[in-house]
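Thank you all for coming; I would like to walk through a few local features of one model, slowly and with the criteria stated as we go. Here it is on the screen.

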Amino acid sequence: MNSRYAQGSSILLALMLAVGLLPAVLGGEGGSETGYLEIWVESDFDNQYGDLYIGDDFIDDYWVEASEEAYLLDTLELYTGDYVITLELENDAISQEEATVETNHTSEVLLVPELENRAPTLHEAWVMPQEGNSETDFTFEVYYRDADNDAPHYVKVRLDNADNHFQMEKDDESDDYVEGVWYRRTLTELEEGEHSYQYIASDGDAMAETEWQEGPEVDNGDDGYGSLEVWVESDWEDQWGWLKLDGELVDEYWIEQGEHAYLLDTLYEIEAGGHSVKLKLENDAWCEREVEIHDGETSEVLLTPEQDDDYGWLKVWSINDFDGQWGWLQLGDEIYDEYEVPHGEDLLEEFELEEGWYWLELELENEAWDGREVYVEAGETTGVELRPEHEEEEHGDPWFRFVELELLDTDEDDHADTARVWFNGDTEHEELEAWVMLRVWQGNHKVGHMFEDLILHGESGEDTYYFDWSPDEAGEYAFDLSIGPEDGDDGGDGGDGGDGGDGGDGGDGGDGGDGDRSGDREATDWWEHEAVGLYPRGGGENHAPELRDGHVSPEAGTPETEFTFSVIYSDADGDAPAYVKLRLDDAKHVMSRDSDGEGGFYEGVRYSVAVDGLAVGNHEYSFLASDGKQAVDSDWRDGPVVGGGGYGVAVSMEPLVRAVAPGDNASFSVTVLNTGGMEDTFDLVAQMVYTNSSVDGWAVSLSEASVTLGAGDFTTVTATVTVPSDAAEKDTLVFAVSAASRGDSTVTGQAVASTIATEDGGSFLPGLSAAMVIATLGGTGVVASFRRHLRD
C-alpha cells in the first residue's frame, strides 16, 4: 500500500463500513462475507498526494505518481456490495467510478483523475489607431489567459456583427497561458464609417467574449463633402470685406475694384447640400447668394456687392466684466440666439435690418444684464455696446470689476499646471485699503489659501492683479475669490500670499483657519469657479501607477457582514486616478478615496469600498486602477471566507484505527474547524466510550483543553491513548473527542477513533461490538466536504 500511514487499509475500510451502517454489519442480508477491490490509477499530472473516498467517507491519502500506464494503488478488503470510489488530487483533479465487490472474489476499478475545465478570459481589448481611413492598417489586439494553461482553440475578432469575424494570431514568445499571451490581427481597407468590435476565444471546451466596443472610425475625407470657388466682381474702390458661410465668418479679404471677376478664395470640406454665401464691404455694400455643394465636386459662386437704400446694418458688441459664460440676446420681444460671451470686448452679432427702432437686451447666466433701444439708419452701419451688470445691491464696497481664470502650461508638457486668477478691484472711495483672498478646493477639502493686502484707487481701472497657484498632485480643483475692506483679521494663521500684483506670483499662503468666505473679515464681493484639471509642474514621460497594501477586513464573516476592501494607489507623476476598482470574483466595484495621504498621490492615497451580502463560501479579489494613460492590476488574493452565520464546529480524527503494542502510546491528530460565522472558543473533551479489555490502565489525553478560532479557521491538537502493558491481543478501546462552543452550548462536534493492542500488526477487522458502538456514535472520519474545506 502506497500510504503515508503504517496501518493496513483493510482495517480502515472495515471500520468505515461499520460506521456507514451497512446491512452486513447490522444484521442485514449478506452476513459478514467479504471480497477484495484492486484500485488502479493512471495520472497525467505531476506526482502529488491524493485522497481516496468510498462514498463520502475518507479512507486514506496516497502518493499518486504520474504514469502513462495504469498501476495498482492499493488492494482493499471490503464487505460484499456496491461502492462509489473517488480519488481527488491536490490540484483538484478528480475521478469517480462505481465498483461491485463479490464474496471471495477480487474486483478492480480504474481511476483516471481529470481537472474540471476553467473557461479562458480575455483582457486589455483594444484597436490601434482609433481613427484612420480605408488605407490605414488597424491592429486589433487582446490578452488571452487560461487558468488551466490551455492553449486557445481559437481567438477571433468580430467586426460590426457576430457573423463578420477574423482569426487572430499569437504575437508573443511566451507559452504561459496562465500569465497571458497577446493575440493580434491587422485589418485594412475597412469601409468608411464608425465600426465596433468584440473578441471571442475558446479553449476547446469553454468560451469567453468581451463586450462590444466602439472603434475604429474610418473617414476618407471626401464622401459627403465638396469645395467652393468664390469669385468677386466689385465696382467699389479697394477696401476690406468680410466673407461669411451660413452666417459664420470665414475670413476678411482685401477686395479689389475691377471690371472682371477674379477668384477670391476656394473653400474646402463643405458639407454637401445648400449653403448661403455673403460678402460685405467696409462701405456696407454687400451681396448674398445661395449655392448647392455636391459630393466630391467643386462648385462656384459670383459675388457682386451693392448698397441697399432700404436697409442698414447693426453691430452688437458685448463688454463682459465677468468670466466667460453663456448669454442670450433679445431682439425686440423675441430671443434671437444664445452665445458664448467671453470676458472682455467681443463682436457678438451683425444684423441687416430695415430702417427703424429696435430693442436689444443681453442677459448672462449669472443674471447680469443690459438693454437699450437703438435706431438703424438705411445704408449706414450702427454700433451698440451692451455691458451686463448686476443690480447695485449685489455687492458692497469694494467689489470686483472683473475676475478671470487662466490655465498655464509652464513646463510645456501639454498639461495645465498653473491656475492664474486675474482680478480688478474697484471702490467708490478715492483710495481704499482692501484685502483679497483666494481659496482652492478639492471637493469639500480646502487645499490652498492665498491672501494679499492692497490699495484700490477709485475708478481708475488700474488695480489689476493676479494669483498663481500650482498643485502638488494632479486632480480637479475649484476656486473662490473674495474681497473686502481692511477692517478685520484674516481668518487665522494662513500666512501672507505675498504681492501678486502687476503680474507677480502671490505664492501659497498655506491653509488658514478661515471658517467662511473670509474668516472674521466681511467680504463685500466674491467670485467662484467650478473645478478644473491641473497637473503638478515637472512633466516628462508618464509612469504607470502602483497598487500596494491591498487587503480585506474582516477576513471572515457571514452574508450580513460588511467587508471593507482597501488598497493604496500611488503615482510617480502625481497623477490622480481615472479610476480605482475592486474586482471581487466576477464583479467590479468602484472604490472611493479613503485618506488624503501625507505625500498625496506621489506617496500614496488609500481607496476603499464596503461590500455586504456576499454568498456563503470562499471568495477571491484583486484591484484595478488607471491614471488615464496606463492601467494596472494587482494579483488575485483569497478572501473573504463567508460562513453560514451563527455558531458551528466540526471535528475529525486521523487515523481512524491505530494498532500498537501493549505498553505503547497511540497518537491521533484531531482537527477542529470553526464552521460558524464568527470567532468562537471551543472546549475539548476526550472520553473512553467502549472497551473489550479486562485490564485497567487505558487512558486518553489531549494536548489542548480549549482552542479559539476565527470564522472558517481550523487547528490540530493531539490525542494520546495509553495502552496498558498487560493488554491482551486485539484488546480494543473506542474513544471520542468532542468540541463544545462557548458561544452556544448546544453547538458541538465529535469524532470517534479506536486503538487495538496487538503484537503481530497486520490487517484485521475490529470486533462487531466495537463497530456497533462507533456506528451508533455517528462516524469516525472526515467527510469529503470537510477535507476540501481544510485543504482550501
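This is a predicted model: local features need pLDDT of at least 70, side-chain atom pairs count only at pLDDT 80 or more; totals for chains, interfaces and linings use all residues.

Let me begin with P655, which sits in the loop between strand 49 (649-654) and strand 50 (657-660), where strands are DSSP runs of E with at least two residues, numbered from the N terminus. The peptide bond that joins E654 to P655 is cis, with omega at about -5°. Residues are numbered from 1 along each chain as its sequence is written, and side-chain values use heavy atoms, with hydrogens and water left out.

A cis peptide bond also joins G215 and P216, again with omega of about -5°, and P216 lies in strand 17 (residues 213-218).

Turning to backbone phi, D92 is not a glycine, yet its phi is positive, at about 75°; D92 belongs to the loop between strand 5 (81-89) and strand 6 (94-101). Is D92 buried, partly exposed or exposed? With a relative accessible area of 44%, D92 is partly exposed, given that buried means under 20%, exposed over 50% and partly exposed in between, with a 1.4 Å probe and protein chains only.

E367, likewise not a glycine, has a positive phi of about 75° and is found in the loop between strand 29 (356-364) and strand 30 (369-376); E367 counts as exposed because its relative accessibility is 60%.

Notes: Helices (H or I, at least four residues) and strands (E, at least two) are DSSP runs, numbered from the N terminus.
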